[in-house]
Amino acid sequence: MSLSARSSKVKLYQFGRAFNLPNASSFCVKLEYALLAQKIDYEVISVSNPRKSPKGKLPYIVHNGKTIADSELALQYLEKTFKFDLNASLSKEERAISDAFAKLLEEHFYFILIYDRWVSPLGWKLMKKLVFGKMPFPLRLIAERQTKKYMKQLVYMQGIGRHTIEQIYLLGRQDIDTLAAFLGDKLYFMGEKPTRIDGMVYGSVASLAKAPFPSPLRDYVLTKKNLMVYCERMEQAFFSHIVKKTDAK
């Protein structure tokens, strides 16, 4: 790694902090976790409208005049530029397992959370108040309708939105069961040391557990003691300067 790469600050563009979380977006947490784990100098720039970002979504990074959008591509850029491997302690088989869990979280569980927060009656009732509540009428009404339509189309095209609400929550509980079963009593998701997947696991579970959205999935994940202890451990190890201490055990 060149001296200029290490000395140049990474600019991380992501959603603003909320709900006593590093970020409500697990993809934003994924990137910030890697930066913190490697002690890379970075600056957070809060973005309120992701449609103005390079690929219309968050997060993305800017470093040495380069803009890298998409959390996975940005993380790969950081790994190559700063020459680190968060999975150095893993075997080839363990790396494959970790990658499979990343796909479960990013390509399946994420869309269940999108449905839970933006489409389900309970989630949408609170989300539209938080996001659009201060907008003037009729702009508020237009923004609400466009956003709700987009989110419904998003989960429908992915496939999750084609199911009944009961089926979606069943699939969500099964994902939570899978995460809790694999974590077991390990300190981190893949073992005794934190690895690449921990940012995404923590970001997904903590967002569901700590954000104040009434949901059967939130109630369910809170019953998984090992996942809650794991989130506390991750916060103490990497995000203690961001997240206030809670009474969770």
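Figure 1. The model is predicted: local features need pLDDT of at least 70 and side-chain atom pairs count only at pLDDT 80 or more, while totals for chains, interfaces and linings use all residues. Residues are numbered from 1 along each chain as its sequence is written, and side-chain values use heavy atoms, with hydrogens and water left out. Rings of Phe, Tyr and Trp (its six-membered ring) pair if their centres lie within 6.5 Å; planes under 30 degrees apart count as stacked, over 60 as edge-to-face and the rest as tilted. The count by this rule is 12 aromatic pairs. The ring centres of F101 and F189 are 4.9 Å apart and the planes stand at 85°, so the pair is edge-to-face. F101 belongs to helix α4 (residues 92-119) and F189 to the loop between α7 (165-183) and α8 (198-210), so the pair ties together parts that are 88 residues apart in sequence. Helices (H or I, at least four residues) and strands (E, at least two) are DSSP runs, numbered from the N terminus.

**Figure 2. The pair W118 and W124.** With ring centres 6.3 Å apart and planes at 40°, W118 and W124 form a tilted pair. Both W118 and W124 are buried.

**Figure 3. Strand β1 and its partners.** In strand β1 (residues 10-14), four of the five residues are buried. Two strands pair if DSSP finds at least two bridges between them. Five bridges join β1 to strand β2 (residues 42-46), and the two run parallel; strand β3 (residues 60-63) pairs with β1 in the antiparallel sense over three bridges. L12 has V44 as its bridge partner in β2 and I61 as its bridge partner in β3.

**Figure 4. Two cis peptide bonds.** A cis peptide bond joins L58 and P59, with omega about 5°; P59 is found in the loop between β2 and β3. Another cis peptide bond joins F137 and P138, with omega about 10°, and P138 is in the loop between α5 (121-132) and α6 (139-158). Most peptide bonds are trans.

**Figure 5. Two lysines with positive phi.** K39, in the loop between α2 and β2, has a positive phi of about 55° and is exposed, with a relative accessible area of 70%. K83 also has a positive phi of about 55°; K83 lies in the loop between α3 (71-82) and α4 and is exposed at 58% relative accessibility.

How values were computed:
Buried means under 20% relative accessible area, exposed over 50%, partly exposed in between (1.4 Å probe, protein chains only).
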